[in-house]
Amino acid sequence: MANSSAVTGVTIGSAVPFVQSASVTVARTTLPTTALGDSWESNVYGVARVSGTLEVMYDKSDHAALVDQLEGATAAVTGTITWNTGETWTGSLLINDAAATATTDDLVKATISFVGTGTWTV
């Protein structure tokens, strides 16, 4: 399940960047249960997973707070994504990739990829 609604807010640990765009997916694996000799494949649901990419902008003074979530992290941080539908998705996340571009003013643009860990409320 992917949410295609606009995002109105994101919190990553203590950082609250402005979101330009978001792509967040909730998926469940399937596990084969097909017996030898069956003509058709059988499956059951496995575990659920949340992952996504956020394109954000933030003031350069907030850069350390976001970078620390990636470089200095020793545990997951709480992530909250609020959609314009009023729906809020919350859970623990690990930032697994971040790329930042400084602009000529005090803004920093970044693309942040994350994967959830543990149970999420969606």
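A definition to start: the radius of gyration is taken over C-alpha atoms, and the globule rule is 2.2 Å times the number of residues to the power 0.38. By that rule a compact globule of 122 residues would come out near 14 Å, but this protein has 18 Å. Its C-alpha atoms fill a box of roughly 65 × 35 × 25 Å along the principal axes.

Now the ground rules. This is a predicted model: local features need pLDDT of at least 70, side-chain atom pairs count only at pLDDT 80 or more, and totals for chains, interfaces and linings use all residues. Residues are numbered from 1 along each chain as its sequence is written, and side-chain values use heavy atoms, with hydrogens and water left out.

Surface next. Accessible areas come from Shrake-Rupley with a 1.4 Å probe, and for residues only the protein chains shown count as cover. The protein exposes about 7400 Å², and carbon and sulfur atoms supply 52% of that. Buried means under 20% relative accessible area, exposed over 50%, partly exposed in between, with a 1.4 Å probe and protein chains only. Buried residues make up 29% of the 122.

On to the fold. Helices (H or I, at least four residues) and strands (E, at least two) are DSSP runs, numbered from the N terminus. We have one helix and seven strands. Along the sequence the pattern reads β-β-β-β-α-β-β-β.

How do the strands pair? Two strands pair if DSSP finds at least two bridges between them. S3 (residues 18–32) and S4 (residues 43–59) are antiparallel over 13 bridges. There, Thr25 has Ser51 in S4 as its bridge partner. S4 also runs antiparallel to S7 (residues 107–121), with nine bridges. Val56 stands opposite Ala110 in S7.

Contact means heavy atoms within 4.5 Å. Of the contacts with a separation of 6 or more, 61% join residues 24 or more positions apart.

Take Ser113, in strand S7. Buried or exposed? Ser113 counts as buried because its relative accessibility is 18%. Beyond its neighbours within four places in sequence, Ser113 touches Gly52, Thr53, Leu94, Ile95, Asn96 and Asp97.

Then the core. A nonpolar core is a set of buried Ala, Val, Leu, Ile, Met, Phe, Trp, Tyr and Cys residues joined through side-chain atoms within 4.5 Å. The largest one has 23 residues, and Ile12, Ile81 and Phe114 have the most contacts inside it. Elements giving two or more residues are S2 (7–12), S3, S4, S5 (77–83), S6 (88–102) and S7. S7 gives the most, with five residues.

Aromatics. Rings of Phe, Tyr and Trp (its six-membered ring) pair if their centres lie within 6.5 Å; planes under 30 degrees apart count as stacked, over 60 as edge-to-face, the rest as tilted. The whole structure holds two such pairs. Trp83 and Trp89 are edge-to-face, at 5.2 Å centre to centre and 65 degrees between planes. Trp83 is buried, at 1% relative accessible area. Trp89 is buried too, also at 1%. Phe114 and Trp120 are stacked, at 6.3 Å and 15 degrees. Both Phe114 and Trp120 are buried.

Last stop, the helix. Val67 sits in H1 (residues 63–71). Val67 counts as partly exposed, because its relative accessibility is 23%. Val67 and Ala100 are 33 residues apart along the chain, with 9.5 Å between their C-alpha atoms.

That's my tour.
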